[in-house]
Amino acid sequence: MVILHKTEAMLVSQRHLFEVPRSVCYLNAAYMGPRLTSVSDAGRMALTAGSAPWTTTSRDFFEVPDQLRQYFSEIADARPDDIALIPSVSYGIGIAAANLAPQPGEDILLLAEQFPSNVYPWQILAQRCQANIRTVARPADSNWTRAVLENISERTAIAALPQVHWTDGTALDLQIISDRCRESGTALVLDLTQSLGAVPFSVSAIQPDFMVAAAYKWLLSPYGVSFLYAAPWHQQGMPLEQAWISRAGSENFAGLIDYHDQYRPGARRYDAGEHSNFILLPMARAALAQILAWQPSRIAATLQSFTTEIADRALALDYEVAPASARSPHLLGLGFPGPIPEGLVPALQNANVHVSVRGCKIRVAPHLHNDAQDLARFFAVIEQFAP
């Protein structure tokens, strides 16, 4: 469970900052985050600036990326030098897999039904190193933390995990899991795509080996921007590509033919080529600036008020909901004992209510643009299909 301070002040409605029409009931931030007006404005300004390429200087390749490192490091309680800019989670997990080497017969620990980007690279690594994939079965009581702890031992080389399960928001206590990983000598690799920005997280407290997060969901950024945290003890590793901009001296365009063996400091060696995207990065900078202004702890407290109300009302309708102790504050799964009822998805579409269906569950993911009117519209539909 993600524990929030009981006195954390909630935010008033922030709908005026989003580009979500009143006619749309969007409860699907776990699919793609709703667009902030400030983010669209930053994108338009970047497009306009791009029409005059002669005004782009060498500084532009580095200043906005380093501002993003700073913002992201504040959200994750890390150091800017520990952050690399990458295009996707699979890219970041690929870096982690390229720099970790389980011994033959050791285990790589995953969750059942984990998102594929945090599965496929480990399957390839296991095949290459003759290691085993050990999958933690979904616990009947939704207590992922206990289930993970029961599967970590001295033979567990890597635990590749999320903070919340992407299908229904059931949470893991990463502090307890991290402590166990350090005791057993297990490398901890985290995919925080479905939590960072909406749930408090501290690199300093959890101390993962690697952490990745795609920014287009809870970080409210455009698609194609992601972040990688690499612990200091992994910052001499091998990047996936040999980009000119990752090498020492790359700021001096006149001296690029003076080739360098050294990389730029910290995790910058892992930056993707062309990461200085002149349109996407200013948009992401605007998004992260707003998240910092709101503060993730206040975002979480506010979203928890929505998901608690949704859970209580859904339970009264006999939907299956994970116990409060196992839920994250921002993401909720409403389940059925069998398949999703025929007609539910078309009914939601006809009402312009947007959620995701994952397996036998409706995944509900509100954000700060949502209000009581949105919840009323959502329940007007799902009450008709209650188990």
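**Close-up views of the predicted model**

View 1. D77, with a relative accessibility of 36%, counts as partly exposed, a class that lies between buried (under 20% relative accessible area) and exposed (over 50%), judged with a 1.4 Å probe and protein chains only. The model shown is a predicted one, in which local features need pLDDT of at least 70 and side-chain atom pairs count only at pLDDT 80 or more, while totals for chains, interfaces and linings use all residues. Residues are numbered from 1 along each chain as its sequence is written, and side-chain values use heavy atoms, with hydrogens and water left out. D77 sits in the loop that runs between α2 and β2 (83-86), where helices (H or I, at least four residues) and strands (E, at least two) are DSSP runs numbered from the N terminus. The phi angle of D77 is near 55°, which is a positive value in a residue other than glycine.

**View 2. Residue Q207 and its backbone angle.** For Q207, too, phi is near 55°, a positive value in a residue other than glycine. The residue belongs to the loop between α7 (203-206) and β7 (210-214). With a relative accessible area of 36%, Q207 is partly exposed.

**View 3. The salt bridge between D66 and R268.** D66 and R268 form a salt bridge in which the closest N and O atoms are 3.5 Å apart. Because D66 lies in helix α2 while R268 lies in the loop between β8 (226-230) and α8, the pair ties together parts that are 202 residues apart in sequence. The term salt bridge stands for a side-chain nitrogen of Lys or Arg within 4 Å of a carboxyl oxygen of Asp or Glu. The two partners fall into separate accessibility classes, since D66 counts as partly exposed at 27% relative accessibility, whereas R268 counts as buried at 7%. Both residues also belong to a network of salt bridges that links D66, R69, D81, E251, R264, R268 and D271. A search of the whole structure finds 21 salt bridges.

View 4. K361, at 24% relative accessibility, counts as partly exposed, while D168, at 6%, counts as buried. P366 is found in the loop between β12 (361-364) and α11 (372-382), and with a relative accessible area of 0% P366 is buried. Although P366 and D168 are 198 residues apart along the chain, their C-alpha atoms are separated by 13 Å.

**View 5. The salt bridge between R146 and E150.** R146 pairs with E150 in a salt bridge whose closest N and O atoms are 3.3 Å apart. R146 is partly exposed, with a relative accessible area of 34%, and E150 is exposed, with a relative accessible area of 57%.

**View 6. The largest pocket.** The largest pocket holds about 460 Å³ of space. A pocket is an open set of points on a 1 Å grid over the protein atoms alone, where a 1.4 Å probe fits, with protein on both sides within 12 Å along at least five of seven lines, and lining residues have an atom within 4 Å of a point. The lining of the largest pocket has 20 residues, of which A46, A49, D60, F278 and P282 lie nearest its centre. At least two lining residues come from each of α1 (37-50), α2 (63-76) and α8 (280-294), and α1 gives the most, with five residues. By type, the lining of the largest pocket divides into 12 nonpolar, five polar and three charged residues.

**View 7. The second largest pocket.** About 310 Å³ of space lies in the second largest pocket. Its lining is made of 23 residues, and those nearest the centre are V89, F115, S117, T193 and Y216. The lining of the second largest pocket divides into 11 nonpolar, 10 polar and two charged residues, where Ala, Val, Leu, Ile, Met, Phe, Trp, Tyr, Cys and Pro count as nonpolar, Asp, Glu, Lys and Arg as charged, and the others, Gly among them, as polar.

**View 8. Residue M32 in its loop.** M32 lies in the loop between β1 (25-26) and α1. With a relative accessibility of 35%, M32 counts as partly exposed.

How values were computed. Points joined across faces, edges and corners; volume = space filled by probe spheres on them.
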